[in-house]
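Here is a short briefing for a first look at the structure. Keep the sequence and the 3D view open while reading.

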Amino acid sequence: MLSERKTLMKHVFWGMLLCFFLITSCGQKPDAEAERRERPARMDTYTLVAMGDSLTEGLGVLPDASYPARLEVALRERGWPVTVINAGVSGETSAGALSRADWIIHRLKPDLVILVTGANDGLRRLPVDAMEVNIRALLNRFEEAGVPVILGGMRMFFNLGPAYVREFEAVYPRLAKEKKVDLIPFFLEGVAASPSMNQPDGIHPNAEGYGEIVRRILPYVEKALTRHARSTP
Amino acid sequence: MTVLARFLGPVRAEWRHAPKTAFLFFVCVALSVAAFSGVESLRMAADRMLRQEAKSFIAADMEVRSAFNLSALVLERATRLEDEGRIRTAFATEFMAMALPEEGRPTLVAVKAVSEGYPFYGQVRLRSGRPLGEVLEKGSFLADPMALRRMGVKSGSMARLGDGVFMVKDAVLAEPDRPIDMVGLAPRVFIPHEDLERTGLAVTGSRVRYRLLVALQKEEDRAWVKKELGEVLSPGVEELRTYEDTGSQALRWLDSLFYYLRLCGMGILVLSGFGIRGSLVALWMRKEKGVALMKTLGAGPWRVGGHMALFLLSLVIPALFVGWLAGYGLALGMGALMADVLPRGLDVALSPETLLTTFGVGFGFTFLFSILPFSRMVRTPPVRLLQQGGGGQGAGRLAQGIFWVGVIFLVFLAGRMLQQAGGSRIPILILLGFSSGTVLCAWLLVGLARRFPAQGARHRVVMQALKRPGATPVATVASMAIATGMVLALVLMERNLTRLFLEAFPENTPSLYVIDIQPDQKKAVEAFVGPDALFFPMVRARVMAVNGKPIDAAVERKKRGDNLGREFSLTWHGLMEDETLVEGRSLFREDTDMPQVSILDYIRATYPLRLGDRITFRIQGVEMTAVISSVRKRKDGSLRPFFVFNFMEKDLVDAPHTFFAALSADREGQEVLERQLAENFSNIRLIDVRDMIERHAELARQMAVLLRAFSMAAFGAGLLVWLGGLSATAAEREKDAVLLRILGADHRFLLGTGIMETGVQGLFAMILGMLIAQGLAAYVVIRGFGLSYDPEILLMLGAGILALGVMVLLGLVAALPSMGTRPADAVRARER
């Protein structure tokens, strides 16, 4: 009788131990997801480079109100250890952006680039095919360097002619598909043509406009960061 | 007329008894006032002309601009103001578009749709020479000659803009308000505003600049209209700008010129006062016997005072009126004589404002300088009045009080006039200081001269002449010193402005900028633009900190003028042609490997920077700290490109950069260059600043000429005043000459004493005048125009000696008649 009780106690003990392990191993799955969200696989800081023209540089607003600065704040608030470098140059065309691609790659060593260029090509009504060649060359350089890119799409003003505008706007989705990069369909979505979101010149966002831009591009950036985090050993 | 004759009856006797003196007084007042009135008429004409020029920069007095459709509130308010007759309005809507000719090449153009009334100031010059309003009809299209050439069309051709079809009617040669940032982007095309809608291009999604131009009916309404429109603007969307807001350097020059021409007018006013005083003193001396007689016959102080006041008014009122007309004639004459060199559009007109000012000034000075001798005359008993050389009773306390109140009021009036011209108080203080200082110095000098032991007979005679009854050597020296000082000051200002013109606009001033040249394109672009083009590398960067202390961009951007909160273009380039080192032995030191930067001195006006300070820059995400190795200064008014921060090549060459080239090119050459560059390098852009440079150069030239005209007017005014004063003492001079001739003096002796007398006063006036000139001119040139100052010592000495020569010559000419009077004639002569 006593030996049977002992055996039963042993079974109960091992059974309870097994249950304990089973229960704790099941509960770990959702915690692991949360943990990955809160603390990415890599504990080092990500370097994001915002590359572009005056829309990136933040012409007319204080440096803290530009979209790269606000993006950094927004990402950090969401737990991303990032540094966002503002590499915008006011007035720059796609040709200028191409000429400094190597500097960006080798000097800044980005983990991710947000590329928003071409607006000045359009404003000056420069040939669309030349712009496309430049942006494609940019994407190639970043691809060769292993740097993922988010491409910011642009639209152009109607008064420049409907045919030109159509050609111009088609470049971005075409290149995004060809080079398999993430595309923000229109970088100024929700901001362009809105008097309350723009400075008096009607083309550069004000502080409120940049806030809206960051709100809209945040999902794209997080998606790219997450993908990058997973793929990095 | 009978009433007037009866009213003036008592004073007619005064005229008959002293016709010469009365006439002399009349002439002195008229001359003094003519000088002031002439200069004021010219100044007001220059004011009007220069303001028109300034307003042509925006073709209006003010404008409301927006990148979106103008709000209903603004349009309603503008309509109301227009209905009330306060303003006139016109629309100017600008955007880029493709012009598609029926036969020809599609061309990017900068379209400007304008309504009736445009431009309110300045002119749109057409090839046909016809006015814009006559040619720009519905369905028509006016284009820049470059646009016509690019499209391959001419007058009569048809071209499409958006959904609208237009006929080419004329070529546009010049446009007053072309924004500098639009120049070079695309050639201009004008269409009527009523055709804007049918192009279908100015819609949501297009980039358009909407402008509502406003012209004031009355200048006095400016502040009120600005307030009325300002309160209905959509904040952050609509802006209200006046011509003063364009920030143009040319307009800053104009502002300074307006103010200092007004100062010139004030100086002439002071001179006029001296002139009136001198002749008034002589007049009262003539009337002393008559007054003594009236008192002896029982006339009381009020009767005497009223009688003399009426007599004075009977001379002053017509003299002021004649002086005002003479002044207008003087300004017209000067305008006609100098028509070829004076600025176009200088239109001298009869002005009620000048009339009022002239009468105010004339009455004011006459009253002011009459009150004390008047009071003395009324209070002094007859017997003392008749005593030869006897001292009279002093002026009463009331009279002295009124005199000083009058002086204070005149000073206040002067201050108000200058304040209305928008200037600071400092020039008023300088003018007052100089005037008071001059009077004091003149008093000291004349006092010294009088006490100086006489060296010979001539000298003794001259000392006596300085003490002659009615002689006012202090007033004479002071007035001529001020006149000479003002003339020499204007000459100095004109010379410095001319230097600005010559140095800021040399023949090879770059008029064309080529921007966005990539490093790998530089050699190829050089082949097109030629060896004379200057290439400047440009690296975009921001200033992050100075000596480790971060820059607060928000605070910086609130500062007037330039600030460290903006983006800068760094460069590596040697010392520019129009720069000099003001601190540091050389541009860069050799004793350090640390990155070094040379700064332009003007940036220190907004942020304190010294040699050895460390500035941290952020160049596209990468920080670099450089030590200040030297400070440079640009030549005044230069329109050449400049860089605030200049580095050594080794410190910047690896940073991403582009090149910008500056060169000179004529219009045809520019077109060829543009075509070649566009075909080979689509990213490169040309900016043609030729029009802006020509405009600045023309303005500087006009200002220099105006200053020359004013200097002539001021000197003429001073001479008139002096002649007036000399004429006032003519009788005493004649008496002295007669006495000397009785004592045996010959013509040579009289001539010698005449030269010495005017020479002594002229010399004092010249020395004081030169001091005044240097002080005033230095202040105006340095503070008003922001130039460095060249005292031109040799020129001043030469001009001063010339002025002295003229004074002596004219003094002699005035004195010669009295030298020729025979003693017997003088003794027999009686005032009738």
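B:E579 and B:R632 are both buried, where buried means under 20% relative accessible area, exposed over 50% and partly exposed in between (1.4 Å probe, protein chains only). Their side chains meet in a salt bridge, 3.0 Å from N to O. The pair links distant parts of the chain, 53 residues apart. This is a predicted model: local features need pLDDT of at least 70, side-chain atom pairs count only at pLDDT 80 or more, and totals for chains, interfaces and linings use all residues. Residues are numbered from 1 along each chain as its sequence is written, chains are lettered from A and ligands numbered from 1 in the order in which they are written, and side-chain values use heavy atoms, with hydrogens and water left out.

**Salt bridges**

- Side chains of opposite charge can pair when their charged atoms come close.
- A salt bridge here is a side-chain nitrogen of Lys or Arg within 4 Å of a carboxyl oxygen of Asp or Glu.
- By this rule the count is 46 salt bridges over all chains.
- Helices (H or I, at least four residues) and strands (E, at least two) are DSSP runs, numbered from the N terminus.
- B:R495 and B:E792 also meet through their side chains in a salt bridge, at 3.3 Å from N to O.
- B:R495 lies in helix α15 (residues 473–504) of chain B and B:E792 in the loop between α22 (747–784) and α23 (793–819) of chain B, so this pair ties together parts that are 297 residues apart in sequence.
- B:R495 is partly exposed, at 39% relative accessible area, whereas B:E792 is buried, at 16%.
- B:D651 and B:K650 form a salt bridge of 3.0 Å, N to O.
- B:D651 counts as buried, with 17% relative accessibility.
- A network of salt bridges links B:E63, B:R65, B:E94, B:K112, B:E175, B:D177, B:R188, B:R209, B:R211 and B:R241.

- Chain A has 9 helices and 5 strands.
- From the N terminus on, its elements run α-β-α-α-β-α-α-β-α-α-β-α-β-α.
- Chain A has 233 residues, and 52% of them count as buried.
- Helix α3 (residues 67–77) and helix α9 (residues 207–231), both of chain A, have axes that come within 9 Å and cross at roughly 55°.
- That angle makes α3(A) oblique to α9(A).
- Angles under 35 degrees count as roughly parallel, over 145 as roughly antiparallel, 65 to 115 as roughly perpendicular and the rest as oblique.
- Axes are lines fitted to C-alpha atoms, for helices over the stretch in contact, and angles run from 0 to 180 degrees between N-to-C directions.
- The crossing of α3(A) and α9(A) is right-handed.
- A crossing is right-handed if the near helix is turned clockwise from the far one by less than a right angle, and left-handed if anticlockwise.

**A nonpolar patch on chain B**

- B:L313, B:I317 and B:F363 form a nonpolar surface patch, with about 230 Å² of accessible area together.
- Patches are made of residues with over 30% relative accessible area and no salt bridge; like charges are joined within 9 Å, nonpolar side chains (Val, Leu, Ile, Met, Phe, Trp, Tyr) within 5 Å.
- Accessible areas come from the Shrake-Rupley method with a 1.4 Å probe; for residues, only the protein chains shown count as cover.
- B:F363 is found in helix α10 (residues 352–379) of chain B.
- B:F363 is partly exposed, at 33% relative accessible area.

**Backbone exceptions**

- Most residues other than glycine have a negative phi, and most peptide bonds are trans.
- A:R125 has a positive phi of about 55° although it is not a glycine.
- A:R125 lies in the loop between α6 (119–123) and α7 (128–144) of chain A, and is partly exposed at 22% relative accessibility.
- B:D516, not a glycine either, has a positive phi of about 65°.
- B:D516 belongs to strand β11 (residues 512–517) of chain B, and is buried at 16% relative accessibility.
- The peptide bond from B:Y118 to B:P119 is cis, with omega near -10°.
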